[in-house]
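The stops below go one at a time.

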Amino acid sequence: MSQSNPPKVHLVNLGCPKNLVDSEKMSGLLQGNGYVLTADPEQADVVVVNTCGFIGPAKEESIQAILEANRLKEEGRVRAVIATGCLAQRYQEELQIELPEADQILPLAEEAHIAAHVDRALGRTRDHYLDSAPRAQLTPRHWAYLRISDGCDHQCAFCAIPGIRGKHHSEPIDKLVEEARRLADGGVRELVLVSQDSVRYGADLYGRAQLVPLMEQLADIPDIAWLRLMYTYPAFWTGEMIALFANHPKVCKYIDMPLQHIADPVLRRMKRATTRQKTLDLLADLRERIPGVGLRSSFIVGFPGETEAQFEELLEFVAQTRFDYATAFIYSPEEGTSAYKLDGEMDEETKAERYRLLTELQERISGERNHALVGTSQIVLVDERTPEGQHLGRMERDAPEIDGQVLIEGPAEPGQFIEVEITGAAPYELNGRVLAPQRRGDDPIGLSRGVAGKGSSRDGLRGERSQSEQGGKDAPWESPERVAPRRDGVQP
Ligand code: SF4
């Protein structure tokens, strides 16, 4: 059993980027209070599992992670196990009964006191704790998430998030700008804004949504080259937002808009605040006013009462819209949601078949769109070096961790913007050859916007999510484990 001094903590992060931000905050607090983070659970004194409680498979994965940590404890390899995160928040009492081996099951609010809880689990005491510390970035050095708000005021029938994360609450603009400056000073070039409901950012603090002023201020930070927005609820897009996406050189022309369905009767049963026609009008508007915009969406199949005809309508919509990326989720009945008691629950076989049909359709579309990029030149942000000595990067249309990547041949460094020629394509991956590496001191915006290749970097299609584990590769300290794919595709 490890009894290191200072004690070591292994943090398992599961779930979505919002959860990752919580893990980053806990990591910062643990480090600030004298703990060392380790990527190896067997070197740890304590394992902290930051769980996801969103839908069935995510819950199962979280429980398995806790059981695995408990096994290490039983074998005497670690001294204590702590579970926190959304699953712990949602089922604290049940977990305390079902998993008595776990030393502590902490609700979300207790994450701010994680160092004290780890101390308690180890039988340590002290008089004073550092109660705020910069979050420890667990993504590669050149990109980071910025959580602009948490919680949600919508009441989508299938969604457990409001019951877990509470009402929508935003971080003040000045605090976010300060955090973004700190990240930029540390080498971040791409900021990925996340929340449960990005479009309504600031409405709780300022009386009306303040997303555009926030994004403008973040984009003013000189070292930030790409500003990417995730999780936009379709009903609340504004003309002001569209203008920002169309005109601001640093705002990625990439729209992540989970739609969940397109058939009106299903949207009504889901309690979504939009209709088929409004969605079609918005998509047409976005594509007209933001030429070449990349579109990502996600859909739920097998929602209670979804008829064959309504599913066919969804398939046809996806086929016609030709999203860059579209992820399907099988409906998971969740306690505490209004859909939980709906009649019309579908058999698992039908759900699985609908999932297969939608996934295969999107894969075909993604493959076709990627093939259309072969021979074009594109600007790529280099993410990582592969064990084979090549590099992986992303285009402006690709969000980290969920979208496609470009496998790059030629000289490149993580964090660089480079120009590549696309030489090959698969549904979710492209091959590229370096044309022009960025020189030290180059203006990344000039490079990312100034390419006049055979095609535009915004002509293409997105691939499916890649689930590469990138956590902390460039971090100056050992990183926590990143074991889970994102589970947040059905939000907002
Ligand atoms: S799906 Fe998204 S918008 Fe709807 S309640 Fe859940 S978090 Fe809110």
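In which strand is the place of histidine 391? Select residues 391-394: this is strand S15, and histidine 391 lies in it. Keep in mind throughout that the model is predicted.

Is histidine 391 buried or exposed? Within 10 Å there are 26 other C-beta atoms; a residue counts as buried at 20 or more, so histidine 391 is buried.

Now move to a pair of helices. Select residues 211-219 for helix H9 and residues 239-247 for helix H10. Their axes lie 9 Å apart, at an angle of about 20 degrees. Angles under 35 degrees count as roughly parallel, so H9 is roughly parallel to H10. The crossing of H9 past H10 is left-handed.

Show side chains where the helices meet. From H9 come Leu211, Val212 and Met215; from H10 come Glu240, Met241 and Leu244. Of the residues in this contact, five are nonpolar, one is charged and none is polar.

Last, colour the model by pLDDT. The average for the protein is 88, and 88% of the residues score at least 70. Then select residues 439-492, where the pLDDT is below 50. In the model this stretch has 166 contacts beyond near neighbours in sequence.

Methods:
Residues are numbered from 1 along each chain as its sequence is written. This is a predicted model: local features need pLDDT of at least 70, side-chain atom pairs count only at pLDDT 80 or more; totals for chains, interfaces and linings use all residues. Helices (H or I, at least four residues) and strands (E, at least two) are DSSP runs, numbered from the N terminus. A residue is buried if 20 or more other C-beta atoms lie within 10 Å of its own, exposed if 12 or fewer, and partly exposed in between; C-beta atoms are placed from the backbone. Axes are lines fitted to C-alpha atoms, for helices over the stretch in contact, and angles run from 0 to 180 degrees between N-to-C directions. Angles under 35 degrees count as roughly parallel, over 145 as roughly antiparallel, 65 to 115 as roughly perpendicular and the rest as oblique. A crossing is left-handed if the near helix is turned anticlockwise from the far one by less than a right angle, and right-handed if clockwise. Two residues are in contact if their C-beta atoms, placed from the backbone, lie within 7 Å. Ala, Val, Leu, Ile, Met, Phe, Trp, Tyr, Cys and Pro count as nonpolar, Asp, Glu, Lys and Arg as charged, and the others, Gly among them, as polar. pLDDT is the predictor's confidence in each residue, from 0 to 100.
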